[in-house]
Amino acid sequence: MKQIELIPHLFRTEYSKITAVLCKLLGFEHIEIAEDIASETFLSALETWTYKGIPENPTAWLYLVAKNKTKNYISRKNIFNGKITSQIKYSSAEKEEIEIDLSDKNIIDSQLQMLFAICHPSISTQAQIGLSLRILCGFGIDEIANAFLTNKETINKRLFRAKETLRFDKVQIEFPGHVEMNNRLETVLTTLYLLFNEGYYSESNDSVMREDLCLEAMRLTYLLIENEQTNQTKVNALFSLMCFHSSRFKARKNDHGDIILYNDQDETLWNYDLISKGVYFLHQASRGTTISKYHLEANIAYWHTIKADTREKWENILQLHNKLLQIDYSPVAALNRTYALAKANGKHEGIREAEKLRMTGNPFYFTLLGVLYTDIDNLKAKENFQMALPLAKTEADRQIIQKYIDSL
Amino acid sequence: MLIFRHQDGHKVASPEQIQIWMKQTMDWIGGIAAQNKFVGGNGLPFEDSRVVRPNNIVTNGPFGEIKETLGGYIIVKADSVDEAVEFAKGSPVLQGEGNSVEVRKIAKGDGLH
């Protein structure tokens, strides 16, 4: 059953390409038609290939079928007699034949422009991520539901509403103008960053799916790097951060899917190829004069690729967190900063600073206090771990806290 | 707003000493930022500073006749003056003899003091 394995793979890579190109051709208001044509193309493939075998060049086959289906659709609907003729952009107005350009260049351009259209400020970040997964990464609705730990219906509703909003706002599939570009790029990067995190920190048990999410986020970020207009230092910084994080993919979970804490990871399982890529893009990112949060986070991630527990390492991580918190506060960064402070300046100072944070609803806050009190006042350490336990939101977190308690 | 007042801007510290102060200042600000109470701030370097007086008299630097100089400021989100004072107490500036940190409210604060 070779074709059965081949089709999901092709689906993911080609569905998004066909949808993006057709959607750009027909306009965003006809996105469902673009999606339908792409889906029908794969149905045809499934039907035909099962009996006749896989063609020599499956991708070319798919593109040809998609083109024909699009042409049929357009003539069937008599679109030339008015309705959307004006929105179809083709090279020569007099040409009878519609140009459906599935060249590499047009695919990449269409996907990038689609990325900017989807990351429109009028829809929520959650919806942006969902739409990106569906339209740009070719994930199925059930896969997206699985990643968000919700059901298909919720995702369908969310995507439907988001598409309605984008249609209502007449969002164009094109690169924003130069001034608008910078603002929108910020949103695009946030979406890609969250898309990556969704995969990296997902509770979903499907590890293949999680890795795919991360790889897709990296692929889209890399598209931005390859495009001159969007190849900015913060994009390189984000890509570098993703490289560093994903280098630990194999080491951070054991065979049962339990999380392995950083200190217990087998660093021979780290991917050194990805680490050196991360270093390369971090260099690329440091050409400019501005420092984004991605620069700081990538730098922090870089220091974590060095396992040795040196004073220098923690001092650097501490100062990077000090800067990060000034430009972009988050509870996680505050807790990580306090851990680095304890490592660099000593546990007593760490405890003093940690207690100022007073994040009494946060399980990681009490876990941090527990870790800091360990070997200084084990009774207090235990108290804090026990405070953390009922607050923990996932089984994995509860297991980790329980391990800490048991080792006291 | 926390304003750093230095008693004597003439004193030149060793690079090592400056590095220690820098770290302490960064850790102090990082601690305030970790509580999500940091808004912004600036150091006010002494080089290229001028004093302008009536009748177009311009002199180099704020030093000389003035005993006290401003070294910088930070703006924090504090729920009360007392909280701001607590932040100020941690400032490494206070290690210098005669230095002080002035705590001032910013007028028309949209929640900022």
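Me: How many bridges join strand E3 of chain B to strand E4 of chain B?
Reply: In this predicted model, E3 of chain B covers residues 50–53 and E4 of chain B covers residues 57–60, and the two run antiparallel. Within this pair, B:Val51 stands opposite B:Thr59 in E4(B). The number of bridges that join E3(B) to E4(B) is 4.

Me: Which residue in the turn between E3(B) and E4(B) has a positive phi?
Reply: E3(B) and E4(B) form a hairpin, with 3 residues between the two strands. In that turn, a positive phi of about 65° belongs to B:Asn55.

Me: Which strands are the edge strands of the open sheet in chain B?
Reply: The sheet has 4 strands with antiparallel pairing, in the order E2-E5-E1-E6 of chain B. An edge strand pairs on one side only, and this applies to residues 38–43 and to residues 100–103 of chain B. From one strand to the next, the twist averages 20°. The edge strands are therefore E2(B) and E6(B).

Me: What angle does the direction of helix H2 of chain B make with that of E6(B)?
Reply: Helix H2 of chain B, residues 81–89, packs on the sheet and touches E1, E5 and E6 of chain B. Taken against the direction of E6(B), the direction of H2(B) makes an angle of about 160°.

Me: What percentage of the residues in chain A is buried?
Reply: The secondary structure of chain A comes to 18 helices and 0 strands, and its C-alpha atoms fill a box of roughly 80 × 50 × 40 Å along the principal axes. Among contacts in chain A with a separation of 6 or more, 62% are accounted for by residues 24 or more positions apart. Of the 408 residues in chain A, the buried ones make up 38%.

Me: Which helix gives the most to the side of chain A that touches chain B?
Reply: The contact takes 13 residues from chain A and 10 residues from chain B. On the side of chain A, at least two residues each come from H13 (311–327), H14 (331–345) and H15 (347–357). The residues of that side divide into 5 nonpolar, 5 polar and 3 charged. With 5 residues, the helix that gives the most is H13(A).

Key: Residues are numbered from 1 along each chain as its sequence is written. Chains are lettered from A and ligands numbered from 1 in the order in which they are written. This is a predicted model: local features need pLDDT of at least 70, side-chain atom pairs count only at pLDDT 80 or more; totals for chains, interfaces and linings use all residues. A residue is buried if 20 or more other C-beta atoms lie within 10 Å of its own, exposed if 12 or fewer, and partly exposed in between; C-beta atoms are placed from the backbone. Two residues are in contact if their C-beta atoms, placed from the backbone, lie within 7 Å. Ala, Val, Leu, Ile, Met, Phe, Trp, Tyr, Cys and Pro count as nonpolar, Asp, Glu, Lys and Arg as charged, and the others, Gly among them, as polar. Axes are lines fitted to C-alpha atoms, for helices over the stretch in contact, and angles run from 0 to 180 degrees between N-to-C directions.
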